[in-house]
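Subject: Structure for your files

Hello,

Here is the structure I said I would send. My notes on it follow below.

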Amino acid sequence: MKYATGCFLLALLFASALNSPSISAELPDPSPHDLPRWRGFNLLEKFYRSHDNEAFRESDFQLISELGFNFVRLPMDYRVWIEDGDWNQFNEAQLKHIDQAVEWGQKYSIHVLINFHRAPGYTVARPAESTDLWTDDETQRICAKHWAMFAKRYRGIPSRYLSFNLFNEPANVSSAAYLKVVKRMAAAIRAEDPDRLILSDGLQWGKQPIPELAELKIAQATRGYTPTDVTHFKASWVNGADQYPVPSWPRVRAYGTLYVPNKPDLSVEATAAMSVIGPFRSQSQFRLHVGTVSSRATLVAKADDQIVWQKEFVCGPGQGEWKESNFMEQWNSYQNVYDCDYHFAIPEGTGKVELSVIAGDWLSLTEVAIRSSDGDEDVLPLRPGWNEPPARVHYDATNSALPFVGEEVEDRSWLWDTTIVPWVNVEQQGVGVMVGEFGCHHFTPHDVVLAWMEDCLANWQRADWGWALWNFRGTFGVMDSGRTDVDYEDFNGHQLDRKMLELLQRY
């Protein structure tokens, strides 16, 4: 078969690499029970089928090594390495590109993790696959054939240099169905290469650990994309991301949907007023950013129980005060996106400001901002959430770092409890854990990115977890990210984000 030639060539390359003075012995030997604290990046040359599917770049491996990192993950689309859409036939020219990446990993002492980002029968991307990997036996047979091909191709290369990451972010599948497929894939791999290290992403897009994998001797990878409205602000592939408020970090966990009182199927807490508690020692200007309005809503602002501002929003077709008109057939009404600011003043000495919808249906606020007499504006981002109690926060204009304080603050400790603690059980069962992807899209303000990123990295260092930024070059990366609020440094033909790089290097 074609890949037998590739296996022979890779064995020669590996033997040559071991005798090269450029190879260090610094890469540790991993096991499914104890993953090293790898640190590195995702490389995207085979991430999605394109007209050329360019090769991986040796310069990436060289730079990653020189900058002090030792890991790359290769998220790949299986359609890249098949012939003319036939998933039974392999394209040797494309596979040799992957061979190069594996060899460069050895040359530069970088661990390479091969991942099926799109596997036969499963993907988180669009378009969806035409068959279902979790239920279709023939699709499972084909997928196992692909993994067996890679296992045979790279047999003999130690797991310190190479591992397999089965599927990217499995979701909308039961644990039982997923485990059945994983067992089949692992058996196919181990029939060709019994010692190959195998990793599985957690369920529900990598967030949910899978304790049952412990007995299969398979390590696990989680994700670093919490909270999504910080990491994927304005990401075009995420539904509703263009409506996220401008993120901040750390921040109060605060919801901004206001409902008419006694709205059916909602809790009493959800239909309460939003409260901003002072005291306000000087006259202050409030700014409300209204997102979506359902049908109609009368919004009222009170300062110590006195109405200081009121506005009625009425949705409809065509052009209007709104930015976008949407007719919702299931409700026979309009749900319009306003995306507009509204202002009102409150008097000096006000103790509490309340915001509520007193008639109509509901509306969402994405920001509440307060400008005092000195001209500075403090902004409270608000998130959407159905049947969530509206924000109740205390405001202190003298606290520039965190002027709004609520019952729950999202910060480093919150990230630990939310993203680390759920994985403690599988670690205690002897399962190695790492973070296969993390990062922030380039529209997130850079100071927010760095503050959030440092909290994540500090937590992963404490947990002794490795990590891989998505990506090296590109909108999440340390180079060529296209951020408008970064002073880039010219570096080896790239635009380098030096602040982000140095942060990564510290952890």
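Helices (H or I, at least four residues) and strands (E, at least two) are DSSP runs, numbered from the N terminus. This is a predicted model, in which local features need pLDDT of at least 70, side-chain atom pairs count only at pLDDT 80 or more, and totals for chains, interfaces and linings use all residues. Residues are numbered from 1 along each chain as its sequence is written, and side-chain values use heavy atoms, with hydrogens and water left out.

The average pLDDT (the predictor's confidence in each residue, from 0 to 100) of the protein chain is 93, and 95% of the residues score at least 70. Residues 1-25 have a pLDDT below 50, and this stretch has 35 contacts (heavy atoms within 4.5 Å) in the model beyond near neighbours in sequence.

Backbone points:

- Asp304, not a glycine, has a positive phi of about 50° and sits in the loop between β13 (284-303) and β14 (306-314).
- Asn332, also not a glycine, has a positive phi of about 55°; its loop runs between β15 (327-328) and β16 (333-346).

For context, most residues other than glycine have a negative phi, and most peptide bonds are trans.

Regards
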